[in-house]
Amino acid sequence: MPFQTNAQIVPIFSGGGTRLSCYIGILQALNDMGFRFNHLVGVSGGSIVASLYAAGWSLPDIKALALQTDFRQFWSFSFTSLLRSGGLCNGNRLELWLDKQLQGATFDSLNYDLHVLATDINGGGPVVFNKSLTPKLKVSKAVRFSMSIPLFFSFQAFENHIMTDGVILSEDALHHDWSGAGLPLICFRLKSDAEARPLQPRRYFPLVSYLIMLTRTFMSAVSREYVHAEHWHNTIVVNTGAVSSVDFAMNSEQKQMLYDAGYNTASQIVPLKLAQLFAAKPQGAQA
């Protein structure tokens, strides 16, 4: 193999919503293969896993937490919330839950350099939260910004920004030299398959059902966007089957399937991608 098994990389967990178990499997595979990393980049559901790991949680504990947590506890709907802040749910339960798991951690207290990305719909660009830019910000707050799934979770204001889900970002925003040392980036993207589902509109509030379907279709379409040729060399796509990024009622079997998909894909593809990346580097430039 043309690179050392302890090579340093920068994993990027790009989106995912409730499919976050996939990233736990990816992290386990990276650890099992002996790769090292001090920087983690998280977007949307990927930022939840990255933040727990950066705060010192072990991978078995993160996996157990994901399997036993009922994601439906984070979901509710309110037309008042939709009209006032653009989302059926305010997202407070998710933020409070994560803050409890992180014990109130701020970016400057983490064991790793964590970078969380959200999207500013006021200016249309990425907003980055990390130890350098927002050292005293609670990590749970940044993750909440990044998890603002359109129409599901309310928009939130931060300084002059209006935050929404970080998955609505151009690829260029993700493929940044996060380490400052030119370390190889490996960007993981989750792709769900389109699937027609039985129509089950709510009896009294059919609009809610239509909004959920609209959001699911939009998020699935985003996940199936083509990877730009410029970034294909360091992007790995993980197929999550029919599981979408807004499946809050996911059961433990589905979560285990996602974990396995992440683990198996990373185990098979990461060595191939890194072999190409290191082969393309000038002699003496390998980490």
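The entries below follow that order.

**Entry 1: ground rules.** I am working from a predicted model, where local features need pLDDT of at least 70, side-chain atom pairs count only at pLDDT 80 or more, and totals for chains, interfaces and linings use all residues. Residues are numbered from 1 along each chain as its sequence is written, and side-chain values use heavy atoms, with hydrogens and water left out.

**Entry 2: overall makeup.** I looked up the secondary structure and found nine helices and 10 strands. Both are DSSP runs numbered from the N terminus: helices are H or I with at least four residues, strands are E with at least two. The protein has 287 residues, and 55% of them count as buried. For burial I use relative accessible area with a 1.4 Å probe and protein chains only: buried is under 20%, exposed is over 50%, partly exposed is in between.

I then checked the surface. The accessible area is about 12800 Å², and carbon and sulfur atoms hold 53% of it. These areas come from the Shrake-Rupley method with a 1.4 Å probe; for residues, only the protein chains shown count as cover.

Next I looked at contacts (heavy atoms within 4.5 Å). Of those between residues at least 6 apart in sequence, 76% join residues at least 24 apart.

**Entry 3: salt bridges.** How many salt bridges are there by the rule? I count five. The rule asks for a side-chain nitrogen of Lys or Arg within 4 Å of a carboxyl oxygen of Asp or Glu.

Glu 95 pairs with Lys 141 at 3.2 Å, N to O. Glu 95 sits in helix α5 and Lys 141 in helix α6 (residues 139-146), so this bridge ties together parts that are 46 residues apart in sequence. Glu 95 is buried at 15% relative accessible area. Lys 141 is partly exposed at 23%.

Asp 99 meets Lys 138 at 3.0 Å, N to O. Asp 99 is in helix α5 and Lys 138 is in the loop between β5 (126-129) and α6, so the pair ties together parts that are 39 residues apart in sequence. Lys 138 is partly exposed at 38%. Asp 99 is buried, with 16% relative accessibility.

Lys 131 and Asp 113 form a salt bridge at 3.6 Å, N to O. Lys 131 is in the loop between β5 and α6, and Asp 113 is in strand β4, so the pair ties together parts that are 18 residues apart in sequence. Both partners are partly exposed: Lys 131 at 30% and Asp 113 at 25%.

**Entry 4: helix α5.** Which residues of α5 are buried? I listed Leu 94, Glu 95, Trp 97, Leu 98, Asp 99 and Gln 101. After α5 comes Gln 103, with a positive phi near 55 degrees.

**Entry 5: positive phi.** Most residues other than glycine have a negative phi. I wrote down two residues with a positive value.

Gln 103 has a phi of about 55 degrees. Gln 103 lies in the loop between α5 (92-101) and β4 (113-120). Is Gln 103 buried or exposed? Gln 103 is exposed, with a relative accessible area of 75%.

Ser 44 has a phi near 55 degrees. Its place is in the loop between β2 (39-43) and α2 (45-54). Ser 44 is buried, at 1% relative accessible area.
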